[in-house]
Amino acid sequence: MVQAWGADTVRIQIGQPEMDPTSSLYSASFEAQVQAAVTQARALGLNVMLSVQDGAQTGEPAPAAVPNAGTLRAWTTLLGIANGDQGIFFDLFSEPSLPSTSANWLTWQSAFQGLITSLRATGAKNVLLAEGLQGGTTLAGAPALSDQLGQLGYGVEPWFFPAYHTTPAYDAAFGNLAVTNVVMVTAWSTLDGGNYTEYCGASTPTDSQTLLNYLAAKKIGVTGFAYDDPGAGATLNLLGTIVQDLNGTPTTFAGGTKVCGQAGFGPGAMLQGYFKTGIVPAP
């Protein structure tokens with residue numbers, strides 16, 4: 001159970017076309033499943049983050065890089081599920097895929113601002129989150145977005161890369177923005193990603209502690225990836241997510257005795273300890 005981790009929020013990741021009634025991939029049964037999951041989570045006292053993504057994994061033949069008309073149609077469906085509940089907040093478009101350039105930030109600004117304005121025109125009062133570019137990993141250079149209700153924040157996914165696991169890197173990518181704006185880590189773990197070594201090295205445990213301490217100091221919330229995903233098939237338990245089985249057993253660094261690629265390696269126990277006590281435990 002998520003609550004046993006000390007967590008107060010559950011994130012539900014949703015494929016955009018599956019919620020877009022004009023898409024051939026739309027599924028009324030899937031919509032009903034999402035509704036049931038949201039109802040159950042709220043009954044348990046959990047906040048819910050609904051997150052829309054238009055990626056290849058959804059079956060989308062030509063995924064959008066930033067929000068488009070299909071995104072608005074998907075959110076129109078999800079507004080019915082949220083039904084005005086302020087304990088549900090919206091991650092508007094997960095992992096915008098454009099590189100971080102001046103021109104692309106203007107494209108990002110136009111797409112997100114249009115979506116925000118349209119949602120507010122429907123009467124939606126929920127908190128909204130806008131993720132940054134480069135797969136949601138950076139908000140550096142992001143132009144301002146406006147929200148008439150003042151219920152807007154920004155999302156970031158600080159997966160470890162060679163030059164992206166230090167305090168100065170976090171300052172540039174999202175920490176500086178967090179001084180004046182609400183920022184939330186919408187998804188994070190030490191995901192190996194299938195032999196992508198940039199996620200996984202000797203410093204990964206201490207890098208994880210550094211990141212979580214940084215987030216605590218900046219008052220930035222974090223969502224662990226993923227309670228329902230310990231890996232699959234031949235890579236089961238080897239992907240560095242936050243759980244090592246479907247019973248919610250947390251992954252661990254085991255005081256440095258586990259290394260990347262070993263079964264059960266990951267930041268789950270560290271994140272669980274942080275959620276429960278507000279203090280980031282040692283690896």
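**Close-ups of a predicted model**

**View 1. Strands S2 and S3 run side by side.** Strand S2 (residues 47–53) pairs with strand S3 (residues 88–91) in the parallel sense, over four bridges; two strands pair if DSSP finds at least two bridges between them. Look for Leu-50, which stands opposite Phe-90 in S3. Strands (E, at least two residues) and helices (H or I, at least four) are DSSP runs, numbered from the N terminus. This is a predicted model, where local features need pLDDT of at least 70, side-chain atom pairs count only at pLDDT 80 or more, and totals for chains, interfaces and linings use all residues. Residues are numbered from 1 along each chain as its sequence is written, and side-chain values use heavy atoms, with hydrogens and water left out.

**View 2. Zoom out to the open sheet of seven strands.** The order is S1-S2-S3-S4-S5-S6-S7, with parallel pairing. Strand S1 (9–15) and strand S7 (221–224) are at the edges with a single partner strand each, so one side of each has no neighbour in the sheet. On average, neighbouring strands here are turned by 25 degrees against each other, direction ignored.

**View 3. Helix H2 (residues 28–43) packs against helix H3 (residues 69–82).** Their axes (lines fitted to C-alpha atoms, for helices over the stretch in contact, with angles from 0 to 180 degrees between N-to-C directions) are 10 Å apart, at an angle of about 40 degrees. That makes H2 oblique to H3: under 35 degrees counts as roughly parallel, over 145 as roughly antiparallel, 65 to 115 as roughly perpendicular and the rest as oblique. Contact (heavy atoms within 4.5 Å) comes from Glu-31, Val-34, Gln-35 and Val-38 of H2 and Thr-77, Leu-78, Gly-80 and Ile-81 of H3.
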